[in-house]
Amino acid sequence: MRWKLLAFAIGNRRFANMSSKLGNWQNDDEVIRRVLKESKTIALVGASKNTARASNHVMSAMQQMGYKVIPINPGLAKQNEILHGEKVYPDLQSVAAEYTVDMVDIFRASNAAGQFVDEAIAIGAKSVWLQLGVVDEEAGKRALDANLLVVMDTCPLMVAPAMGISGPDETSAL
């Protein structure tokens, strides 16, 4: 419930003046809009079966918006877990063997995010989204150099309603 309230509050710009960890990085509204509208399959790194975790809520809500969200968590994958109806995978390479990944949504600490950005580049993902509080400018630059779209330090569930986006555009593709 906590995350629903937070998503609602931020989606309605209640926290618009919150400080960011972005440093020199600036998200571009057009990039955000494009990623949200053109992505259909999302690999969510750091998925959790704990319903109090943001990644759990965001996964469920993004599925309800019409996205295919594939959870990644090596520990849960070893246990053959199913999360919100989806098989949990141990890593991005395993997902890429079965799906074309449009967006890699990263719920990991900033100091671990670069590894997953590099994996996203390696599997041919079209974009990376570093969640609220997750910033790695160097990894973002590597992704841009590899022609991926990049968003950092925000949550798709929070910005989509503020941009009037209710899910993927079925006619678009990244």
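**The whole chain**

Of the 174 residues in the protein, 50% are buried, where buried means under 20% relative accessible area, exposed means over 50%, and partly exposed is in between (1.4 Å probe, protein chains only). This is a predicted model, so local features need pLDDT of at least 70 and side-chain atom pairs count only at pLDDT 80 or more, while totals for chains, interfaces and linings use all residues. Residues are numbered from 1 along each chain as its sequence is written, and side-chain values use heavy atoms, with hydrogens and water left out.

Colour by pLDDT, the predictor's confidence in each residue from 0 to 100. The average is 88, and 85% of the residues score at least 70. Now select residues 1-20: here pLDDT stays under 50, and the model has 19 contacts (heavy atoms within 4.5 Å) beyond four places in sequence for this stretch.

In the cartoon, look for eight helices and seven strands; these are DSSP runs numbered from the N terminus, with helices being H or I of at least four residues and strands E of at least two.

**Helix α2 and its cover**

Select residues 29-38, which is α2, and show Ile32, Val35, Leu36 and Glu38, which are buried. Bring up α3, β5, β6 (127-130), β7 (149-151) and α8 (156-162): they are included in what covers those buried residues.

**The nonpolar cores**

A nonpolar core is a set of buried Ala, Val, Leu, Ile, Met, Phe, Trp, Tyr and Cys residues joined through side-chain atoms within 4.5 Å. In the largest one, with 30 residues, show Ile32, Leu36, Met62, Tyr67, Val69 and Trp129, which touch the most other members. At least two residues each come from α2, β1 (41-45), α3, α4 (74-78), β7 and α8, and α3 gives the most, with five. Another core lies apart from it, with 26 residues, including Leu92, Phe116, Ala125 and Leu130.

Go back to Val69 and show what it touches: leaving aside neighbours within four places in sequence, there are contacts with Ile42, Leu44, Met59, Met62, Gln63 and Glu86.

**Ser55 in α3**

Next, select Ser55, in helix α3 (residues 54-64). Ser55 is buried at a relative accessible area of 4%. What does the side chain of Ser55 reach at 3.3 Å? That is the backbone nitrogen of Ser48. Not counting residues up to four places away in sequence, Ser55 touches Leu44, Gly46, Ala47, Ser48 and Phe107.

**A pair of rings**

Rings of Phe, Tyr and Trp (its six-membered ring) pair if their centres lie within 6.5 Å; planes under 30 degrees apart count as stacked, over 60 as edge-to-face and the rest as tilted. By this rule there is one aromatic pair. Select Tyr89 and Tyr99: the ring centres are 6.4 Å apart and the planes sit at 85°, so the pair is edge-to-face. Tyr89 is in the loop between β4 (86-87) and α5 (92-96), and Tyr99 is in the loop between α5 and β5 (103-106), so the pair ties together parts 10 residues apart in sequence. Tyr89 is buried at 3% relative accessibility, whereas Tyr99 is partly exposed at 27%.

**Last stop: two asparagines**

Select Asn80, in the loop between α4 and β3 (82-83). Asn80 is not a glycine, yet its phi is positive, about 55°, and the residue is exposed at 66% relative accessible area. Finish at Asn147, in the loop between α7 (137-145) and β7. Asn147 has a positive phi of about 70°, though it is not a glycine either, and counts as exposed at 69% relative accessibility.

Technical notes
Polar contact = N/O pair within 3.5 Å; in protein donor to acceptor, adjacent residues only side chain to side chain.
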